[in-house]
Amino acid sequence: MIENYLNKIIEGNVLEVIKDIPDNSIDMIVTSPPYWGLRNYGKETETVWDGDKNCKHVWKYQTYKIRSSDSPSKINRWNENAFDELRRDKPVNNNFCQKCRAWEGQLGLEPTLELYLNHMLQITKELFRVLKLTGTFWFNMGTSYSDGKTKEIPSKCDIMQNYRLVQKMIDEQGWILRNTVIWHKLNVTPSSVKDRFTVDYEPVFFFVKSNNTQYWVNEKTGQSTWKKPKGINGVDGIDWDWQEVGSYDWEEGEEIGYATGSVDAHRASLRGGLHRFNIRVRDSDKDKYLQGASPEEIARKYGYNPEEICPICGRTWKRHASPNSKDRKEGIKREFIPCRKQDNVPSKNANTYTGFNERWKAKQTKVPEEQAEDFGSPRARYHRKQLGKIKKVSNWKSRDYWFEMEYEPFQESSLVRANYPVFSQKTDTGIHGGMTLKNQLEAFRKVREGESFGRHPRCVWRIPTFPYKEAHFAVFPEQLVKPMVRAGCPEEICKRCGLPRERTKEIYSDCGCDHSDGWNKGIILDPFMGSGTVGVVAKKLLRNFIGIELNPSYVKMAKKRINSINPLFNGGYKK
């Protein structure tokens with residue numbers, strides 16, 4: 001039973017301990033394993049890997065030095081125990097069984113990178129098994145540098161052990177990498193190496209198991225369910241609502257916030273007022289200003305009205321300034337292209353006849369809504385029908401895994417854009433960050449009126465390291481673990497149906513079960529517990545945790561640190 005392991009640190013080899021944890025029982029995994037060839041954690045952490053368990057091993061004892069070209073600086077001596085882990089001159093054991101080829105030693109001190117990656121893959125395979133389909137895995141792993149003693153990696157080369165392992169986890173085990181978060185260490189110790197820059201960051205890989213829908217949440221009512229809901233076939237006002245879809249129509253530039261006489265207002269006047277932009281069929285307006293002049297400006301330069309129709313091809317004259325794929329292959333970017341088509345010239349297809357070209361050209365011409373049936377593309381014709389109309393939109397949203405966004409405060413520049421609408425200078429249609437003009441205006445309104453939670457967090461986290469006087473050298477900062485836990489581990493889970501509870505807009509989801517006896521807490525697993533930072537953060541944020549640690553001195557240290565936390569005060573964290 002998983003309850004037997006909650007809020008405990010189990011001393012032992014991770015591969016042995018984790019086998020007793022049930023499948024699909026962990027909500028979140030946060031860990032940082034030993035890096036290859038970097039630190040010596042002591043003889044007590046040596047275990048037997050691979051080989052035959054029933055073999056009476058005959059060891060061939062050897063010793064060697066840690067494989068790393070970078071030596072520790074004296075200023076890294078937070079305490080003698082931490083410094084001892086980094087010593088390059090201290091020999092370590094390297095023992096292979098002469099019968100079954102089992103290896104005895106510390107994880108991270110394998111004689112070859114291939115053997116280290118093989119051991120790590122055995123661990124990540126077990127982590128994949130115990131993690132729920134709705135769970136998340138946050139994996140902090142840096143790298144080290146080669147000393148040239150391995151044939152496959154030249155001297156001084158970045159080993160890239162982290163990215164090699166991540167690639168194998170994706171290809172061989174089915175992990176799904178959602179983000180690579182950069183932990184920028186603001187107070188990193190300068191490197192003593194003189195022929196490269198000081199590395200002041202480490203990646204944190206954000207994995208999940210599922211890219212398929214696991215459960216559904218009604219973002220209007222907060223109801224959640226494992227089964228697929230009726231959606232637009234359900235109840236009006238609960239399961240679905242009428243919403244405007246398609247494109248956004250707007251008149252003169254001044255009416256959307258352009259100042260009279262501004263560049264944007266001038267561009268809007270060149271468009272001639274009413275302009276339609278389809279969210280699915282994006283035409284040449286999208287990137288026209290990337291080349292400097294717009295198609296309209298180019299057409300006017302050559303003496304043509306941009307909106308008039310070419311008598312030969314049936315396109316508007318401004319389309320002659322928008323190269324097609326064939327033109328782009330020939331290197332033509334932004335210039336006036338003479339018409340290459342001739343009227344009433346049949347193609348090589350025997351089914352064509354006189355007059356076919358006119359019909360074909362008419363279908364290719366951009367037409368107003370009332371003539372949309374003559375448009376060539378069925379998809380474009382369908383979406384042009386939707387202009388100014390509304391349709392049923394489901395309030396139910398699917399969830400592949402549990403993830404709750406921890407929003408950040410808006411930057412000053414975003415607040416300025418919201419109060420004084422400033423759109424992307426790359427386009428007339430207001431595309432900014434993949435948003436249509438209508439959505440952008442709605443986002444600005446929410447910011448002005450305080451309806452928006454904030455901006456989405458970025459993938460560069462600037463967090464300093466914090467030494468712990470009793471800990472080993474590599475200590476997790478609490479500020480690094482905290483956003484992971486809040487985003488990737490639910491605080492409350494239904495005791496009956498197992499659905500995680502989440503915040504949707506201003507309400508919390510509810511599965512409809514009886515919760516009079518409370519909720520279960522999310523479970524966080526750290527298979528390399530070390531000094532216990534993950535357990536500390538879990539206790540402060542009211543989650544359960546399970547820790548696994550091989551070094552008995554670290555187990556004692558982590559228990560002491562975690563037991564000193566009073567969860568009633570929430571550790572000083574703001575919820």
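Tutor: Start with strand β9. Of its 10 residues, 9 are buried, so β9 is largely enclosed by the rest of the structure. Keep in mind that this is a predicted model.

Now look at the strands beside it. β2 and β9 run parallel and are joined by 5 bridges. Find two facing pairs here. Ile26 is opposite Leu131 in β9. Ile29 is opposite Phe137 in β9. Next, turn to β11. It pairs with β9 over 5 bridges too, in the antiparallel sense. There, Phe139 faces Phe205 in β11.

Go back to β2. For this strand, 6 of the 6 residues are buried, so β2 is also largely enclosed by the rest of the structure. β2 has another partner, β20. These two run parallel, with 2 bridges between them. Met28 has Ile524 in β20 as its bridge partner.

The largest nonpolar core holds 44 residues. Ile26, Ile123, Phe137, Phe139, Leu525 and Ile546 have the most contacts inside it. Elements giving two or more residues to this core include β2 (26-31), β9 (131-140), β11 (201-208), β20 (523-526) and β21 (544-549). Helices α1 (14-17), α3 (113-130) and α4 (161-173) are on that list as well. The largest share, 9 residues, comes from α3.

Take a closer look at α3. At 1.5 Å a residue, its 18 residues should span 26 Å, and its end C-alpha atoms are 26 Å apart, so the two agree. Its buried residues include Leu113, Leu117, Met120, Leu121, Ile123, Thr124, Leu127 and Val130. His119 and Glu126 are buried too. Why does spacing matter in a helix? An α-helix has 3.6 residues a turn, so residues three or four places apart point the same way.

Finish with Ile546. Set aside its neighbours within four places in sequence. Its contacts then include Ile26, Ile523, Ile524, Leu525 and Asp526. Ile2, Tyr5, Leu6, Lys8 and Ile10 also touch Ile546.

Notes. Residues numbered from 1 in each chain as written. Predicted model: local features only at pLDDT ≥ 70, side-chain atom pairs only at ≥ 80, totals over all residues. Heavy atoms only, no water. Core = buried A, V, L, I, M, F, W, Y, C linked by side-chain atoms within 4.5 Å. Buried < 20%, exposed > 50% of the residue type's maximum accessible area, 1.4 Å probe, protein only. Helix = DSSP H or I, 4+ residues; strand = E, 2+ residues; numbered from the N terminus. Contact = heavy atoms within 4.5 Å. Pairing = 2+ DSSP bridges. Expected span 1.5 Å × (residues − 1).
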